[in-house]
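Here is a short briefing on how side chains pack inside one protein. Look at the sequence and the structure first, then work through the points by topic.

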Amino acid sequence: MSLQSTLRYLDPFRGRASRGRISDDERATLRIVNQKVAAEQSLNDLADFLFERTRTLIPCDRIGLAFIDESGRRVFAHYARADYTPLLLTRGYAADLGGGSLEHVIRSGEPRIIDDLEAYAAERPSSHASGLLVREGVRSSLTCPLVVEGRVVGFLFRDSNRPHAFDAHHVQLEMAISERLSQAVEKAWRIEQLTAANHAYLEMLAFVSHEIKNPIASLVTDTRLLADGYLGPLEPQQVDKLERVISKGQYLLGLVQDYLDLARIDGGGLELVHCTGVDVVQEIVLPAIDLVRPQIDEAEMRLQLDVPASAVVADCDPALIRIVLVNLLGNAAKYGRPGGEIRLKAIREPERLEVSVWNEGEGFQPEERGRLFQRFSRLRSSGGANKRGTGVGLYTSWRIVQLHNGRIRARSEPGQWAEFAFELTQPRQADA
């Protein structure tokens, strides 16, 4: 049997009248497809629906979705489902498009029918995918392009265990389905690609940050031993140089910790440990001050602490809230006026806890307030662009406060002062 007799391409716009009228039942199914697409279900849910609901209209023992990569040279299997096992061509399978019959589908937009897949695979032994499908038991195949704005972005495959299972009317129905499906499918595919890329990025970020953290911490510790004279007396000039090394090392440790926190938050690894009766001053405020004290002293700034005389007790995750306060105090020391003042205030009322950090300094312009808590966002005005930083501290703080179902806000008098504050409802409100 020749390849020509097993492979057909159908012009979707030619001879529509001869393909038969779409029945009322078929139109009803197409309307439900529209509704499912409009509901923006997940890509897998849409494909599951097609497999289960439309196989009475179009022969289908197996259904698959695949997408073309950005280069336009490879196709990736994204979804596969069949009423038999095992599946050999599954999600993640990739193949080059060069020389294959799918290239004609891309160029022309015409659906492809393979009436006898065994004969087709025998004629094209280089088509590994066809060989896998034959081994699964597939004997005929209908492929429709998924077209968005005139560009083929992927394919909807429908396979049967019988040869010669598909006709022109099936193509008409499948094209009607693919037209409704294309944009929703591409959108879901792009979202999944971005999600996977972001996840891989965060894993890499966490790994690299963790690997860098320990050597830098060791470097800072060893340099501190030298600077403090534990290994012998040093000249003042030598001590000054070592102090500079320590300062730079601590700065790098701060960056590393910012990225580790970001990786935990955006990577889904951040879990809130709900604690009751947390001593806010002893467990959060004082440890945060200890961590930021070197930066405050280096800037020769004065820290005023305004907390109630009685114990401030609250419901929260003390480790996470400590991260928030370290970020706010660190920003006050970094962006505040050298020699100026920082005020840390805690207010505990029956139904809320509020902690604020105020500092003298350039502050920020009103139009920049909306950018403050965005990831990697840094201020461009008031000297902010001259300060080193990751641009993730406030974003991390915002995420942690949100995790507590709280609020974080910022105020400023440009050129005079800035204040950042967060508020937690007490007792902590559970997620809705």
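Two residues are in contact if heavy atoms of theirs lie within 4.5 Å. Keep in mind that this is a predicted model. With that contact rule, I342 touches I296, M301, R302, L303, Q304, L329, A332, A333, V357, W358 and N359, leaving aside residues up to four places away in sequence.

**Nonpolar cores**

- The largest nonpolar core has 41 residues.
- I342 is among the residues with the most contacts inside this core, along with L325, L329, L344, V357, F420 and F422.
- Several elements each supply at least two residues of this core: α9 (280-298), β10 (313-316), α10 (318-335), β11 (341-349), β12, α11, β13 (407-413) and β14.
- Which element gives the largest share of this core? It is α10, with 9 residues.
- A second, separate core has 34 residues. F49, C144, L156 and L181 are included in it.

**Aromatic rings**

- Rings of Phe, Tyr and Trp pair if their centres lie within 6.5 Å. By this rule there are 5 aromatic pairs.
- The ring centres of F155 and F157 are 5.9 Å apart, and their planes meet at 40 degrees, so this pair is tilted.
- F155 is buried, with a relative accessible area of 0%. F157 also counts as buried, at 16%.
- F364 and F420 make another tilted pair, because their planes are at 50 degrees. Their ring centres are 6.0 Å apart.
- Where do F364 and F420 lie? F364 is in the loop between β12 (352-360) and α11 (393-403), and F420 is in strand β14 (residues 417-425). The pair therefore ties together parts that are 56 residues apart in sequence.
- Both F364 and F420 are buried. Together with F373, they form one aromatic cluster.

**A charge over a ring**

- R343 lies over the face of W358. The distance to the ring centre is 3.9 Å.

**Cysteines**

- A disulfide is a covalent bond between the sulfur atoms of two cysteines.
- How many disulfides does the structure hold? The count is 0.
- C275 is in no disulfide. Its nearest cysteine sulfur belongs to C316 and is 7.3 Å away. The cut-off for a disulfide is 2.5 Å.
- Is C275 buried or partly exposed? C275 is partly exposed, because its relative accessible area is 25%.
- C60 counts as buried, at 5% relative accessibility.

How values were computed:
Residues are numbered from 1 along each chain as its sequence is written. This is a predicted model: local features need pLDDT of at least 70, side-chain atom pairs count only at pLDDT 80 or more; totals for chains, interfaces and linings use all residues. Side-chain values use heavy atoms; hydrogens and water are left out. Rings of Phe, Tyr and Trp (its six-membered ring) pair if their centres lie within 6.5 Å; planes under 30 degrees apart count as stacked, over 60 as edge-to-face and the rest as tilted. Buried means under 20% relative accessible area, exposed over 50%, partly exposed in between (1.4 Å probe, protein chains only). Helices (H or I, at least four residues) and strands (E, at least two) are DSSP runs, numbered from the N terminus. A charge sits over a ring if NZ of Lys or CZ of Arg is within 6 Å of the ring centre and within 35 degrees of the ring normal. A nonpolar core is a set of buried Ala, Val, Leu, Ile, Met, Phe, Trp, Tyr and Cys residues joined through side-chain atoms within 4.5 Å.
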